[in-house]
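Subject: A structure to look at

Dear colleague,

Here is the structure I promised to hand over. Please keep it open beside this message while you read.

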Amino acid sequence: MAKADPEASKRERNKQIKWVVTIFFVTILISGAITLLSDILMENSSMAVAFLILLAIIFIGIIFDIIGMAVATADEKPFHAMAARKVPGARAAIQLLRNAERVSSICNDVVGDICGVVSGSASATIAAQILTNFDFSWPQVVSLLMSALCAGLTVGGKAIGKSIAVNSCTSIVHTVGKIVYRFQNLTGGSKKKKK
């Protein structure tokens with residue numbers, strides 16, 4: 001049995017530490033920005049618009065959860081055949097799959113958890129709006145119902161999403177690959193890689 005290279009394991013450990021620190025600060029920045037934006041939008045919106053914003057936040061969390069799960073479960077082989085036929089997005093899909101751990105971490109942990117926190121904050125803001133506009137004997141019931149509704153939609157949506165992700169992982173990853181491919185073409189990222 002070959003001995004593990006201590007330098008290689010040290011590099012890998014440093015790489016992991018750098019990734020964790022980067023994710024930590026990126027999460028703080030994104031979470032702060034999204035929370036601030038949603039709070040500003042919620043304060044200046046009607047109750048109907050506030051509900052739509054809440055649903056949009058929950059939906060974004062579910063979509064990214066689906067992407068994270070699809071990338072974690074998809075097989076790389078079909079994309080090699082697509083890449084050989086020069087199908088747009090196939091190479092980007094392969095890159096996503098080769099970085100599945102990081103892609104899943106960003107989609108499920110960073111975006112998914114941020115959406116969970118922000119939707120909780122948004123549901124509290126809606127509960128406060130309801131209590132301001134209507135008189136309730138038990139105000140705690142309103143905030144309890146809002147947070148229960150928010151949790152139910154998130155958990156239910158993610159449960160349905162996981163089933164979709166596992167059964168349609170190849171098409172989901174290919175769709176995301178096409179989006180990445182188009183984005184790279186717009187920003188000139190694919191040309192830089194070719195050089």
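Is Lys 86 buried or exposed? Lys 86 counts as exposed, because its relative accessibility is 70%, where exposed means over 50% relative accessible area, buried means under 20% and partly exposed lies in between, with a 1.4 Å probe and protein chains only. This residue lies in the loop between H3 and H4, and although Lys 86 is not a glycine, it has a positive phi of about 60°.

Before going further, please note that this is a predicted model, in which local features need pLDDT of at least 70 and side-chain atom pairs count only at pLDDT 80 or more, while totals for chains, interfaces and linings use all residues. Residues are numbered from 1 along each chain as its sequence is written, and side-chain values use heavy atoms, with hydrogens and water left out.

As for the fold, the protein chain has eight helices and zero strands; helices (H or I, at least four residues) and strands (E, at least two) are DSSP runs, numbered from the N terminus. The radius of gyration of the protein chain is 21 Å, whereas a compact globule of 195 residues would have one near 16 Å; this quantity is taken over C-alpha atoms, and the globule rule is 2.2 Å times the number of residues to the power 0.38. Along the principal axes, the C-alpha atoms fill a box of roughly 70 × 40 × 35 Å, and 34% of the 195 residues count as buried.

What lies inside? The largest nonpolar core has 42 residues, and those with the most contacts inside it are Met 42, Leu 54, Val 71, Phe 79, Ile 126 and Val 173. Such a core is a set of buried Ala, Val, Leu, Ile, Met, Phe, Trp, Tyr and Cys residues joined through side-chain atoms within 4.5 Å. Helix H5 (100–133) is among the helices that each supply at least two residues of this core, and the largest share, twelve residues, comes from H5. Phe 79, leaving aside its neighbours within four places in sequence, is in contact (heavy atoms within 4.5 Å) with residues including Ala 90, Ile 94, Leu 97 and Val 173.

Finally, Asn 167 has its place in helix H6 and counts as exposed, because its relative accessibility is 63%. The C-alpha atoms of Asn 167 and Thr 73 are separated by 9.5 Å, although these residues are 94 residues apart along the chain.

With best wishes
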